[in-house]
Amino acid sequence: MAAPRKSAQQLAAREKARAKAQELTERHEKLIDLAAEFFEQQEQADFIRSDARQKADALIAKAEKDAESAVRAAAERVQAMLEAGEGKAAVAARLGLSGAEVKRMTEMVSQHPEKSPKAPADEHAA
């Protein structure tokens, strides 16, 4: 058998090298695509967390505002009981509060007297 020519060997070697390079390039491109998808998913996760934090902060702020309003309304009821002639000690005992808590609530109402409620009996008499 005749030995293959050097140029045929070189051509075969080049083809083999090109095929291997193509294989490596395709693998490299696939890895780049996967890495890009990874970073996109990481950004999506960060966005989801950030969005959830913003929504939670807004919800908590609204809840705090609503809770403050409810506490103010409760304080107004304490004030109405006092205005109805009930003593501080009796109001505290009836509501399970300390004297200091009754005082704090009446101070809360007296800070904004324009929002002070009428006693429930006064509303029905009008």
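## Arg-49 and Asp-46

Arg-49 is partly exposed, with a relative accessible area of 46%. In this predicted model, the side chain of Arg-49 meets that of Asp-46 in a salt bridge, with 3.8 Å from N to O. Asp-46 also counts as partly exposed, at 48% relative accessibility.

Arg-49 and Asp-46 are 3 residues apart in helix 1, so about one helical turn separates them. An α-helix has 3.6 residues a turn, so residues three or four places apart point the same way.

## The chain as a whole

The protein chain has 4 helices and 0 strands. Read from the N terminus, its elements run α-α-α-α. The chain has 126 residues, of which 12% count as buried. The structure holds 7 salt bridges, and the one between Arg-49 and Asp-46 is described above.

## Helix 1

Helix 1 covers residues 6-83.

After helix 1 comes Gly-85, whose phi is positive, near 105°. Which residues of helix 1 are buried? They are Arg-72, Ala-75, Glu-76, Val-78, Gln-79, Ala-80 and Leu-82. Two charged residues, Arg-72 and Glu-76, are in this list, and they are taken up again below.

## Glu-15 and Arg-18

Another salt bridge joins Glu-15 and Arg-18, whose closest N and O atoms are 3.3 Å apart. These two residues are 3 residues apart in helix 1 and are therefore separated by about one helical turn.

## Arg-72 and Glu-76

The side chains of Arg-72 and Glu-76 meet in a salt bridge, at 3.5 Å from N to O. Why does Arg-72 count as buried? Its relative accessible area is 13%, and buried means under 20%. Glu-76, at 12% relative accessibility, counts as buried too.

Both residues lie in helix 1, 4 residues apart, which is about one turn of the helix. Arg-72 and Glu-76 also belong to one network with Arg-77, joined by salt bridges that share partners.

## A negative patch on the surface

Where do Glu-29, Asp-33, Glu-37, Glu-40 and Glu-43 gather? They form a patch of negative charge on the surface.

One of these residues, Glu-43, lies in helix 1. Glu-43 has 57% relative accessibility and so counts as exposed, since the limit for exposed is over 50%. By contrast, Glu-76 counts as buried at 12%.

Notes: Residues numbered from 1 in each chain as written. Predicted model: local features only at pLDDT ≥ 70, side-chain atom pairs only at ≥ 80, totals over all residues. Heavy atoms only, no water. Patch = residues over 30% accessible without salt bridge, like charges linked within 9 Å, V, L, I, M, F, W, Y side chains within 5 Å. Areas by Shrake-Rupley, 256 points an atom, 1.4 Å probe, with all protein chains shown as cover. Salt bridge = Lys/Arg side-chain N within 4 Å of Asp/Glu carboxyl O. Lys, Arg positive; Asp, Glu negative; His and termini not counted. Charge placed at Lys NZ, Arg CZ, Asp CG, Glu CD. Buried < 20%, exposed > 50% of the residue type's maximum accessible area, 1.4 Å probe, protein only.
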